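The model is predicted.

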Amino acid sequence: MKIAKELLHQIEALKDEAYDPIEEVTDRDYRERNVASDVPRNLIDNCTVVLVRTSGPVNLGQICRCMHNLGMRPSQLRLVDPECEPNSSDARKFAVKSKDILLESERYESLVDAVKDCDLIIGTCGRDINKNTVQEIWTPEAVPSQLRRMRVSKYAVLFGSEANGLGTKDLQVCNACITIPSRRYSSFSLSQAVGIVLYTVFSSGGSEDPGSTEVGIRAGSPATFQETEMLRREWEDVLTRYNCSDKFDVREFVRNTPMASKYLHRLRSMFRHLQHSRGRIPNSR
């Protein structure tokens with residue numbers, strides 16, 4: 001257990017410094033990744049809308065029109081296992097002047113594949129949420145300030161089906177969840193919910209506060225969902241090898257701990273070293 005305690009101590013130290021703005025980036029790849037990316041004019045430019053198991057073609061068409069009105073692109077809409085045909089007459093009818101978004105949207109069989117290139121995954125839910133499923137619960141108005149605080153370069157907002165919304169497994173992928181307050185019925189229709197969230201983000205303006213761009217570059221870009229999943233698998237493998245898999249919830253930690261990509265790869269390097277050293281380290285229990 002001595003090794004496990006030392007490992008957790010190092011993890012906490014990295015967590016504390018993960019977004020230290022005075023830490024200079026020395027890795028050339030990470031610096032080029034930040035400098036090369038243009039600062040978007042609006043927070044909405046970094047948003048990816050992910051519709052999970054959408055069944056209503058009318059809702060789908062209306063969502064495309066909303067996205068078009070806010071200046072969003074076809075690449076910003078992703079459909080996961082859709083239960084309606086995007087190229088149906090009803091969907092095209094309601095996708096006024098936005099058929100490019102409707103017909104060029106990307107389709108995925110799994111949610112994990114749809115969000116693996118995003119830095120932050122935000123779910124939506126109209127019902128009470130167990131804090132063990134998602135710890136961060138936001139209203140739409142809170143989203144812009146959270147995005148600026150975290151300095152994410154690409155984020156996904158997930159919307160579930162009209163009948164059932166996002167399931168528990170879907171929400172377990174998310175770093176945070178948006179809930180829209182209401183006075184009577186607890187949930188809005190799918191197209192209404194998408195419109196409320198996107199317009200709130202859009203109306204908040206630019207993605208950067210004055211003078212914060214250089215700080216974001218120096219601090220390093222956030223790790224993507226795909227990177228955190230690789231870390232999680234390697235970390236869990238190490239804990240299993242040291243018979244500590246029941247001592248620490250890795251999935252919860254990586255989901256609720258924002259981390260710069262360069263620090264994440266430091267952790268991965270450390271875990272790989274521990275894996276290779278397994279046979280040479282005496283059991284300290």
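## Pairing of β1 with β2

Val50 stands opposite Arg78 in β2. Val49 has Leu77 of β2 as its bridge partner. Strand β1 (residues 47-52) and β2 run parallel and are joined by 4 bridges.

In strand β2 (residues 77-80), Leu77 and Leu79 point one way, while Arg78 and Val80 point the other way. All of these residues are buried, Arg78 included. In a regular strand, side chains alternate between the two faces of the sheet.

## The sheet

The open sheet is formed by 7 strands, in the order β3-β2-β1-β6-β4-β7-β5, and the pairing is parallel. Its edge strands are β3 (106-108) and β5 (136-138), each of which pairs on one side only. Direction ignored, neighbouring strands of this sheet are turned by 25 degrees against each other on average.

## Strand β6 and its neighbours

In the strand order, β6 stands between β1 and β4. With β1, β6 pairs in the parallel sense over 5 bridges; Cys47 has Tyr155 of β6 as its bridge partner. Strand β4 (residues 120-124) also runs parallel to β6, and 3 bridges join these two strands. The bridge partner of Ile122 in β6 is Val157.

β6 is mostly covered, with 5 of its 5 residues buried. Tyr155, Val157 and Phe159 lie on one side, and Ala156 and Leu158 on the other. Both faces of the strand are therefore covered, because the residues on either side are all buried, that is, under 20% relative accessible area.

## Helix α9 over the sheet

Helix α9 lies across β1, β6 (155-159) and β7 (176-178). The helix runs at about 155 degrees to β6.

## Packing of α3 with α9

Helix α3 (residues 57-69) packs with helix α9 (residues 190-203) at an angle of about 15 degrees, and their axes are 9 Å apart. That angle makes α3 roughly parallel to α9, because angles under 35 degrees count as roughly parallel. The crossing in which α3 passes α9 is right-handed.

From α3, the residues in this contact are Asn59, Gln62, Ile63, Cys66 and Met67. They meet Leu190, Ser191, Val194, Gly195 and Leu198 in α9. By class, the contact of α3 with α9 has 6 nonpolar and 4 polar residues, and no charged ones.

Notes. Residues numbered from 1 in each chain as written. Predicted model: local features only at pLDDT ≥ 70, side-chain atom pairs only at ≥ 80, totals over all residues. Heavy atoms only, no water. Axes fitted to C-alpha atoms, helices over the stretch in contact; angles between N-to-C directions. Parallel < 35°, antiparallel > 145°, perpendicular 65-115°, else oblique. Left-handed = near helix turned anticlockwise from the far one by under 90°. Contact = heavy atoms within 4.5 Å. Nonpolar A, V, L, I, M, F, W, Y, C, P; charged D, E, K, R; others polar. Buried < 20%, exposed > 50% of the residue type's maximum accessible area, 1.4 Å probe, protein only. Pairing = 2+ DSSP bridges.
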